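Subject: Structure handover

Hello,

Here is the structure for your work. My notes on what was found in it follow below.

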Amino acid sequence: MTEPLLCVENLTKRFGGFVALTDVSLAIAEGERLGVIGPNGAGKSTLVNCISGLLRPEAGRVYFAGGDITALPAYRRARLGIARSFQIPRPFRSMTLEQNLAIPRDYAAREPTDADALLAQLGLGPKRGALPGTLTQIELRKLELARALAARPRLVIADEVMAGLSHAEIDEMLTVLLALNKSGITILMIEHIMRAVMRFSQRVVVLDAGRKIADGAPADILADKEVERAYLGA
Amino acid sequence: MAAGYAATRYVANDYYFYAAYIVLQYVVIATAWNILGGYAGYVNFGSAGFYAVGAYTAAILYQLFRPPLVAMIVGGGIAAGIIGLAAGYLTLRVKGVYFAIATLALAVVLETIVNNWDYVGGTRGIYVLHPHQVAGFANYARLLFFAMLVLAVASVVLARSIERSRLGRGLAAIRDDEQAAESAGVPTLRLKLFAATLSGALMGLAGAPFPYYVSHLEPGSAFSLAIAVNAIAMPMIGGATSWVGPVIGAVLLGGAQQIATVTISSILNLLIVGLLLIGFVIFAPEGIVGLIRRLWR
Ligand SMILES: Nc1ncnc2c1ncn2[C@@H]1O[C@H](COP(=O)(O)OP(=O)(O)O)[C@@H](O)[C@H]1O
Ligand SMILES: [Mg+2]
């Protein structure tokens, strides 16, 4: 097997006395679609923050493309090719959509970015000159994704981009993500909704109360007793 | 600038140059404040501290070498820039209100140091007398006016070019959402340090000619509340997201204050500025520039 693109080893993250992640390890191969699921508060976003560099873990290491990035600030990780969306959209509010994409284009991308094409691909073309304040929820989610992609990343971490969307909108989002994956981008999909993840992912990791409780093919995850307990709260 | 120089030859009344000097000084200060406060969103309450570092550095250089005015200005800018960098390094890791408090504390610390430093006269102050003659100018007040005009034009041009550059867009991203900016590849700490250094340096430049302007430099006037308040109020009232705002704010408020000081006390003056600032923050947070843009649409 080739070396994984991203490798997280024994990550532990505390907030004061509260342990949000306990000894979490996972790996993603280049080009893979990995889903991470878990109930609310399981530590999924905390994991995203530790990978993207906004949070520093108390223990454990993160490797990307063969290098140890544990000590790198977030902007260096973005430049290496890790892009993430925020669960609650965090657009640059004073900037138009086009200007929003210009930030990662100018600061993170190592290859030229066609911001217009990206916006068009996500169905935001007509809004390229609009301010984020005028967008709907799904449009804001798409902007999050478009901005992540404008960095020309190797790995995209999508933190609950589907939450609150209708069935049709989820399908639309999945189509976009699958097309991206086809073009060679590795995707780590963080989701609370099981259905979408199961359909999208080649492999699924389950977090519960900050611990990894399962890691395997979607079908095996669905049959897993411990996962069922975590989700049904039995 | 040519018109400014021509004015120094043909306008008779010296009072105008004294008044214009102060207005131009506020153009520099407001523009400087805005590079960190308006572009990057970090509110500096300690502008008077940086201004005073410029003024006192110039005074120290005067004591030591009697250098030409240009050297005093450059020295004041460098010293205040270094303080800006150091203060930024210590405080810019903390967001928002902590940074604001830290800048306030910095000004207090600097003032305390000056108050207790005999070499620069302590609380009594120090005489810094400008040369009697200068080539090309009828008197020194006019030279000082012209020097401040050059500084004002230079800082506005600089701010405008930053605003339109990649750097300016990076600062705007920091202002909008620092973590999102960092995640998009913006080296937020480095950009903030740059903005703090430049902002401090420009304030120092604005303060450096001040000893000659007043002849007797004392902590009370160098660390004045008026500078700290105006540095914030002028860009906020003018409009903090573009280079035009601080200029409009400085000219309107600075001009009005120059006219008003003849009739009302400086404390009342500041009270009015404070109330105006509160009004703008509540009713027109984008300042006069924002109001004009809204009417335009
Ligand atoms: N900055 C923080 N400070 C304190 N507690 C936090 C912080 N971020 C997250 N937590 C806590 O860590 C736990 C995991 O949060 P999170 O990673 O957001 O979960 P998820 O994304 O899986 O819903 C939650 O209990 C949350 O309250
Ligand atoms: Mg979450």
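B:R293 sits in helix α15 of chain B, which spans residues 287–296. B:R293 counts as partly exposed, at 45% relative accessibility. Its C-alpha atom is separated by 33 Å from that of B:I101, a residue 192 places away along the chain.

Please keep in mind that this is a predicted model. For chain B the mean pLDDT is 90, and 99% of the residues reach 70 or more. For the complex, the predictor gives an ipTM of 0.93 and a pTM of 0.92. Where pLDDT is low, predicted coordinates should not be read in detail.

Surface of chain B

There is a nonpolar surface patch of about 870 Å². The residues that make it are B:L268, B:L271, B:I272, B:L275, B:L276, B:I278, B:V281, B:I282 and B:F283. One of them, B:L275, is found in helix α14 of chain B, residues 266–283. B:L275 has a relative accessible area of 54%, and it is classed as exposed because the cut-off for that class is over 50%.

Magnesium site

Which protein atoms are donors to the magnesium ion, ligand 2? They are OG of A:S45 and OE1 of A:Q87, lying 2.1 Å from the ion. A:S45 belongs to helix α1 (residues 44–52) of chain A, while A:Q87 belongs to the loop between β6 (82–84) and α3 (97–107) of that chain, so the pair ties together parts that are 42 residues apart in sequence.

Salt bridges

Over all chains, the structure holds 19 salt bridges. The ones I looked at are these.

- A:E98 and A:R128: the closest N and O atoms of this salt bridge are 4.0 Å apart. The pair links distant parts of the chain, with A:E98 in helix α3 of chain A and A:R128 in the loop between α4 and α5 (137–149), 30 residues apart. A:E98 is partly exposed at 31% relative accessibility, and A:R128 is partly exposed with a relative accessible area of 32%.

- A:D106 and B:R169: here the closest N and O atoms are 2.9 Å apart. B:R169 counts as partly exposed, at 29% relative accessibility.

- A:E144 and A:R147: the closest N and O atoms of this pair are 3.2 Å apart. About one helical turn separates A:E144 from A:R147, because they are three residues apart in helix α5 of chain A. Are the two partners buried or exposed? A:E144 is buried, with a relative accessible area of 2%, and A:R147 is buried as well, with 6%.

- A:E32, A:R203, A:K212 and A:D215: salt bridges that share partners join these residues into one network.

A loop residue in chain A

A:T113 is placed in the loop between α3 and α4 (115–121) of chain A. With a relative accessible area of 13%, A:T113 is buried, since the class takes in values under 20%. Leaving aside residues up to four places away in sequence, A:T113 touches A:R105, A:L118, A:A150 and A:R152.

Backbone angles

- A:N10 is not a glycine, yet it has a positive phi of about 50 degrees. A:N10 is placed in strand β1 (residues 6–15) of chain A. Its relative accessibility of 39% counts as partly exposed.

- B:S215, also a residue other than glycine, has a positive phi near 70 degrees. B:S215 is found in the loop between α10 (210–214) and β2 (216–217) of chain B. At 22% relative accessibility, B:S215 counts as partly exposed.

Regards

Notes:
Residues are numbered from 1 along each chain as its sequence is written. Chains are lettered from A and ligands numbered from 1 in the order in which they are written. This is a predicted model: local features need pLDDT of at least 70, side-chain atom pairs count only at pLDDT 80 or more; totals for chains, interfaces and linings use all residues. Side-chain values use heavy atoms; hydrogens and water are left out. pLDDT is the predictor's confidence in each residue, from 0 to 100. Patches are made of residues with over 30% relative accessible area and no salt bridge: like charges are joined within 9 Å, nonpolar side chains (Val, Leu, Ile, Met, Phe, Trp, Tyr) within 5 Å. Accessible areas come from the Shrake-Rupley method with a 1.4 Å probe; for residues, only the protein chains shown count as cover. A salt bridge is a side-chain nitrogen of Lys or Arg within 4 Å of a carboxyl oxygen of Asp or Glu. Helices (H or I, at least four residues) and strands (E, at least two) are DSSP runs, numbered from the N terminus. Buried means under 20% relative accessible area, exposed over 50%, partly exposed in between (1.4 Å probe, protein chains only). Donors are N, O and S atoms within 2.8 Å of the metal (3.2 Å for Na, K and Ca); water is not among the atoms, so sites may look incomplete. Contact means heavy atoms within 4.5 Å.
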